[in-house]
Amino acid sequence: MAKIDKKSWRKACQKEMEKAALKEAKSRTGKKTPAFMYRWEHVQAVVAQALKLAKKTKADKEIVEAAAWLHDIKKFEDGPKHAKLGAKFALEFLPKTDFPAEKIDAVAAAISVHAGLWRDKPLKNLESQVLWDADKLTKIGLTAAFHLLPNELLRPGRQHTTESIVAFGKNAEWQSKTVASFHTEPARKAGAKRLKSLRKMWDQVEKELAGKDL
Ligand SMILES: [Fe+2]
Ligand SMILES: [Fe+2]
């Protein structure tokens, strides 16, 4: 682990996350200097949206922000277990920074339950709900096209055609379930709008390619 910034938990979290994201991007793209770091772009978007949601729902901003920076820190190391491992990392890492000690358990709790694209049962804790909603909001709007698509295209061994790219974009049945799983009112509203825009975008692409708008 690199030297930890003990005076700024935010900077310390950013540094650790960016490092993990670079490692993931190098491995995914097979390039020493990846053209796109999906995980870093994703996490920054989650932080921005989680803070906005925290303000609107009166959730604890520090808990939400720290959880957002660290939620995917173990994604590359262990995809299926990354939520639990990320929570463990937060419990060990944050005490080495100036992050308020009394809020660390809540950060870890939010990280530990953030995985999954939809939920059968809603989460109970407000900060956990906000992290979950912000994380999933980044995957169902036009942002998804800008984040997930380059990530897919840059993977070694992938060969795409325009048709397969559109199929990749449209292959997202789960997105309706995600919108139905949102916990907070602002996420529910924005989520429904974003999903509509995303579907409209792919429909328009198909229309243009076939010249149906001519
Ligand atoms: Fe995750
Ligand atoms: Fe995430």
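Author: In this predicted model, the chain holds ten helices and zero strands. From the N terminus on, the order is therefore written α-α-α-α-α-α-α-α-α-α.

Reader: Why is Glu-16 called buried?

Author: Buried means under 20% relative accessible area, and Glu-16 has 9%, so the term applies. Glu-16 also forms a salt bridge with Lys-19.

Reader: What makes the contact between Glu-16 and Lys-19 a salt bridge?

Author: The closest N and O atoms of the pair are 3.6 Å apart; the limit is 4 Å, so the pair qualifies. Both residues lie in helix α1 (residues 9-29), three residues apart, about one turn of the helix. Lys-19 has 41% relative accessibility, between the limits of 20% and 50%, and therefore counts as partly exposed.

Reader: How do you know that Glu-62 and Lys-103 form a salt bridge?

Author: Their closest N and O atoms are 2.7 Å apart, and since the rule asks for a distance within 4 Å, the pair meets it. This pair links distant parts of the chain: Glu-62 belongs to helix α3 (residues 61-70) and Lys-103 to the loop between α4 and α5, 41 residues apart. At 17%, Lys-103 is under the 20% limit and so is buried, whereas Glu-62, at 29%, is partly exposed.

Reader: Why are Arg-188 and Glu-185 said to be separated by about one helical turn?

Author: They are three residues apart in helix α10 (residues 185-210), which means a separation of about one helical turn. Salt bridges that share partners also join Glu-24, Arg-28, Arg-39 and Asp-72 into one network. The side chains of Arg-188 and Glu-185 meet in a salt bridge of 3.0 Å, N to O. By the rule used, the count of salt bridges comes to 13.

Reader: Why is Lys-84 called exposed?

Author: Exposed requires over 50% relative accessible area; Lys-84 reaches 55% and therefore counts as exposed. Lys-84 is placed in helix α4 (residues 82-93). Between Lys-84 and Val-113 there are 7.7 Å, C-alpha to C-alpha, although they are 29 residues apart in sequence.

Definitions and conventions
Residues are numbered from 1 along each chain as its sequence is written. Chains are lettered from A and ligands numbered from 1 in the order in which they are written. This is a predicted model: local features need pLDDT of at least 70, side-chain atom pairs count only at pLDDT 80 or more; totals for chains, interfaces and linings use all residues. Side-chain values use heavy atoms; hydrogens and water are left out. Helices (H or I, at least four residues) and strands (E, at least two) are DSSP runs, numbered from the N terminus. Buried means under 20% relative accessible area, exposed over 50%, partly exposed in between (1.4 Å probe, protein chains only).
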